[in-house]
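Biologist: Can you walk me through this one? I'd like to begin with the aromatic side chains.

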Amino acid sequence: MADKKVPSVPESLLKKRKTNERHAAERVKAQAELRQHRKTQRAEVFKRAESYVKEYREKESDELRLRREAKKAGSVYVPDEPKLIFAIRIRGINGVAPKVRKVLQLFRLRQINNGVFIKVNKATVNMLRIIEPYIAYGYPNLKTVRDLMYKRGYVKVDKQRVPITDNEIIEKALGDKGLICIEDLVHEIYTVGPQFKSASNFIWPFKLNTPTGGWTKKTNHFIEGGDFGNREQYINDLLRKMI
């Protein structure tokens, strides 16, 4: 009985099998590298978060110590000038002068209840004076900055508004600036660090709710019992009603 001839496998099929095997091996390798990177990143994020907490606590204890020493010496402790402002647009576009409209656009305050972080300097203070009747602003504390970022934080990715669901989004955009997680963003904004401009531009303007109980009187200044203008540390009470 003659031996049966084994059918030969087409060369194209052999090439396809080799290609598929190579791609599968590459995928397995890439997944292993990604797992390792995420593991390393988690450890780095945790370490950074711990160092930031330590820094915030030391700053708080230093201020408390200086206040006590000043009180003991019979003098008054004067804290540092605030470096960070949070501004909220509270009025619409009816009857807005072109100059005011332009400044609101520069601050990205295009809609009512939009909010942004602003670095305090001579230029921004002068611009805030121009638009003061249309905004409420003040000096946010650490808790407010963190609540805004965690509860209302969206970022700009390819000109799209994207929620902060993963630290990888931040690392891809700002990794070259040394910012790899949301705690880095919070720290950079709150301390007005060297990468504040990049971090602030990366964050989409906050879209907030109307405060619980509504506004008091938008046409009056805060010190007159109204809503607009500088409310200093009391901006934190307002933001708690709007987040």
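Modeller: A definition to start. Rings of Phe, Tyr and Trp (its six-membered ring) pair if their centres lie within 6.5 Å; planes under 30 degrees apart count as stacked, over 60 as edge-to-face and the rest as tilted. Phe86, Phe117 and Phe206 form one aromatic cluster on that basis. This is a predicted model: local features need pLDDT of at least 70, side-chain atom pairs count only at pLDDT 80 or more, while totals for chains, interfaces and linings use all residues. Residues are numbered from 1 along each chain as its sequence is written, and side-chain values use heavy atoms, with hydrogens and water left out.

Biologist: How many aromatic pairs does the structure hold?

Modeller: Five. Take Phe86 and Phe117: their ring centres are 5.0 Å apart and the planes meet at 65°, so that pair is edge-to-face.

Biologist: Which strands do Phe86 and Phe117 lie in?

Modeller: Phe86 is in strand E1 (residues 84–89) and Phe117 in strand E2 (residues 114–119), so the pair ties together parts 31 residues apart in sequence. Helices (H or I, at least four residues) and strands (E, at least two) are DSSP runs, numbered from the N terminus.

Biologist: Is Phe86 buried or exposed?

Modeller: Buried, at 0% relative accessibility. Phe117 is buried too, with a relative accessible area of 6%. Buried means under 20% relative accessible area, exposed over 50%, and partly exposed in between (1.4 Å probe, protein chains only).

Biologist: What about Phe117 and Phe206?

Modeller: They form an edge-to-face pair, 5.5 Å centre to centre with 90° between the planes. Phe206 is in strand E6 (residues 206–207), and it is 89 residues from Phe117 in E2. Phe206 is buried, with a relative accessible area of 1%.

Biologist: New topic. Which ring does the charged end of Arg91 sit over?

Modeller: That of Tyr134, 4.9 Å from its centre. Arg161 lies over the face of Tyr154, at 3.6 Å from the ring centre. The test: NZ of Lys or CZ of Arg within 6 Å of the ring centre and within 35 degrees of the ring normal.

Biologist: Arg161 again. What is its bridge partner?

Modeller: Lys156; Arg161 belongs to E5. Four bridges join strand E4 (residues 154–157) to strand E5 (residues 160–163), and the two run antiparallel. Two strands pair if DSSP finds at least two bridges between them.

Biologist: And how many residues lie between E4 and E5 in the hairpin?

Modeller: Two. Asp158, in the turn, has a positive phi of about 55°.

Biologist: On to the helices. Which residues of H8 are buried?

Modeller: Ile235, Asn236, Leu238, Leu239 and Met242. They cover an arc of only 155° around the axis, which puts them on the same side of H8. The arc is that of the directions from the helix axis to the C-beta atoms.

Biologist: What do they pack against?

Modeller: E1, strand E3 (135–138) and H4. Contact means heavy atoms within 4.5 Å.

Biologist: Where is Asn236, and what does it touch?

Modeller: Asn236 is in helix H8 (residues 235–242). Its relative accessibility is 5%, so Asn236 counts as buried. Leaving out residues up to four places away in sequence, Asn236 touches Tyr139, Pro140, Asn141 and Thr144. The side chains of Asn236 and Thr144 make a polar contact (2.6 Å). A polar contact is a pair of N or O atoms within 3.5 Å; within protein, one must be able to donate a hydrogen and the other to accept it, and residues adjacent in sequence count only if both atoms are side-chain atoms.

Biologist: So which residues of H4 are buried?

Modeller: In helix H4 (residues 142–152), they are Leu142, Thr144, Val145, Asp147, Leu148 and Met149. These pack against helix H1 (11–72), E1, E2, helix H6 (182–190), E6 and H8. At the start of H4, a side-chain oxygen of Asn141 comes within 3.3 Å of the backbone nitrogen of Lys143.
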